[in-house]
Amino acid sequence: MSETLRLTALDSVHRALGATMTDFAGWDMPLRYGSERDEHNAVRERAGLFDLSHMGEIAVTGPQAGELLDHALVGNLSALKPGRARYTMICDERGGIMDDLIVYRLADGVDGQPHYMVVANASNAQVVLDALIERQAGFDAAVRDDRDAYALLAIQGPEAAGVLRTLTDADLDGLKYYAGLPGTVAGANALIARTGYTGEDGFELFLAPADAEKVWTALLDAGKDAGLVPCGLSCRDTLRLEAGMPLYGHELTRDTTPFDAGLGRVVKFEKTTNNGRFVGREPLEAAAEQAAQNPPRKLVGLIAEGRRVPRAGFPVVALDGGAVIGEVTSGAPSPTLGKPIAIAYVDAAHAEPTAEGAEPAVGVDIRGSHEPYRVVALPFYKRER
């Protein structure tokens with residue numbers, strides 16, 4: 001008998017809106033409400049509203065909370081100032097990626113002690129929680145599962161700030177990218193963070209589950225004239241793909257290091273807490289050296305010459321001879337570019353972008369047909385600032 005899916009606080013709202021629902025990491029989540037292309041374009045051109053309450057929040061508090069996170073994760077989290085956030089990763093002892101994370105340094109607690117919130121992907125939340133508890137030994141810090149304490153909404157797109165501004169007392173103009181501050185939204189207490197996974201400006205709102213429906217409805221009402229629409233996970237995937245943002249289980253796995261994925265910048269070897277030691281340091285140092293000198297493969301973007309869509313797992317081939325030189329990790333039609341696109345790991349010798357005017361030398365094996373693709377640097381899309 002299958003396990004019962006978890007429901008977000010907005011489940012009845014999604015169903016009333018006619019959402020197509022799907023099982024995602026054990027949660028029943030909205031895939032789309034209508035056309036995923038229309039939802040995608042709304043975020044690029046106006047604004048979209050997402051329910052992300054399946055994400056996993058973990059509190060880390062106490063005198064040595066920062067030191068624990070420095071030990072457990074690859075980033076230098078003890079240096080994070082209150083009100084700021086950082087993208088980072090948790091790796092295993094071999095340097096393989098267990099998950100990518102956002103860590104928020106919240107205001108110190110009433111006891112004056114540091115307070116962090118680690119946000120993990122839904123599929124890995126329990127894995128990350130278990131790892132943090134295991135790595136907690138020897139540190140004067142506490143790890144707490146806060147997944148039931150929050151609903152998470154995201155409003156993303158060029159009109160997002162204007163819509164949110166009508167409902168909040170927070171200073172959005174002063175809120176930097178990868179920063180968060182407490183405030184109210186439609187009268188509900190929230191952590192308002194300028195973060196997102198779409199390549200657009202936007203905000204993520206951490207709320208009590210009991211306030212989720214009120215805030216969701218208020219945002220949709222306030223954004224009606226601005227073109228704000230509810231959006232599902234399907235367009236979230238094409239948005240992040242265009243923005244070159246990695247997805248765990250695709251670009252990031254236990255068999256890849258941050259350096260394999262071109263994200264070595266998140267690994268901070270210079271941190272000084274714990275005498276500079278952290279889980280996975282030695283193999284990550286070796287991976288950093290290899291990436292600098294002779295990387296065996298690189299993560300690249302591919303843009304189709306034709307109309308056939310690549311999917312994860314499809315082989316990447318050299319068009320001259322047909323040798324397999326890599327593998328697609330994510331692929332989809334790009335509403336913004338009007339062509340199929342993919343992210344792929346390819347042999348380093350084939351990772352250079354295709355020169356302007358040159359014929360593609362790389363293809364994707366789509367059911368036996370070698371379809372030509374141009375190699376490009378990521379991201380495919382970057383918003384104007």
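This is a predicted model: local features need pLDDT of at least 70, side-chain atom pairs count only at pLDDT 80 or more; totals for chains, interfaces and linings use all residues.

Q: Which residue does Glu285 form a salt bridge with?
A: Arg281, and the closest N and O atoms of the two are 3.0 Å apart.

Q: Where do Glu285 and Arg281 sit relative to each other in helix H8?
A: They are four residues apart in H8, which covers residues 281-293, so about one helical turn separates them.

Q: And Arg281, buried or exposed?
A: Arg281 counts as buried, because its relative accessibility is 17% and the cut-off for buried is under 20%.

Q: OK, what about Glu371, what does it pair with?
A: Glu371 makes a salt bridge to Arg308, with 3.4 Å between the closest N and O atoms. Glu371 is in strand E20 (residues 369-376), while Arg308 is in the loop between strands E15 (297-304) and E16 (315-318), so this pair ties together parts that are 63 residues apart in sequence.

Q: How accessible are those two, Glu371 and Arg308?
A: Glu371 is at 16% relative accessibility and counts as buried, whereas Arg308, at 33%, counts as partly exposed.

Q: Why would side chains like that pair up at all?
A: Opposite charges can pair when the charged atoms of the side chains come close.

Q: What does Arg194 pair with?
A: Asp201, in a salt bridge whose closest N and O atoms are 2.9 Å apart. Both Asp201 and Arg194 are buried.

Q: Which residues are linked in a network of salt bridges?
A: One such network links Asp11, Arg15 and Asp28.

Q: How many salt bridges does the count come to?
A: The count is 18.

Q: Switching topic: why is helix H3 largely enclosed by the rest of the structure?
A: Because six of its eight residues, in the run 65-72, are buried. Those buried residues are Ala65, Gly66, Leu68, Leu69, Asp70 and Ala72.

Q: What covers them?
A: The cover includes strands E5 (56-61), E6 (85-91), E7 (97-106), E8 (115-120) and E9 (142-145), along with helix H4 (125-135).

Q: Last one: what feature does UniProt place at residues 12-271?
A: The unreviewed UniProt entry gives "domain: GCVT N-terminal" for that span. In the model, residues 12-271 are 23% helix and 29% strand, and their end C-alpha atoms lie 46 Å apart.

How values were computed:
Residues are numbered from 1 along each chain as its sequence is written. Side-chain values use heavy atoms; hydrogens and water are left out. Buried means under 20% relative accessible area, exposed over 50%, partly exposed in between (1.4 Å probe, protein chains only). Helices (H or I, at least four residues) and strands (E, at least two) are DSSP runs, numbered from the N terminus. Contact means heavy atoms within 4.5 Å. UniProt positions are given in the numbering used here, feature names are shortened, and annotations may be inferred rather than shown by experiment. A salt bridge is a side-chain nitrogen of Lys or Arg within 4 Å of a carboxyl oxygen of Asp or Glu.
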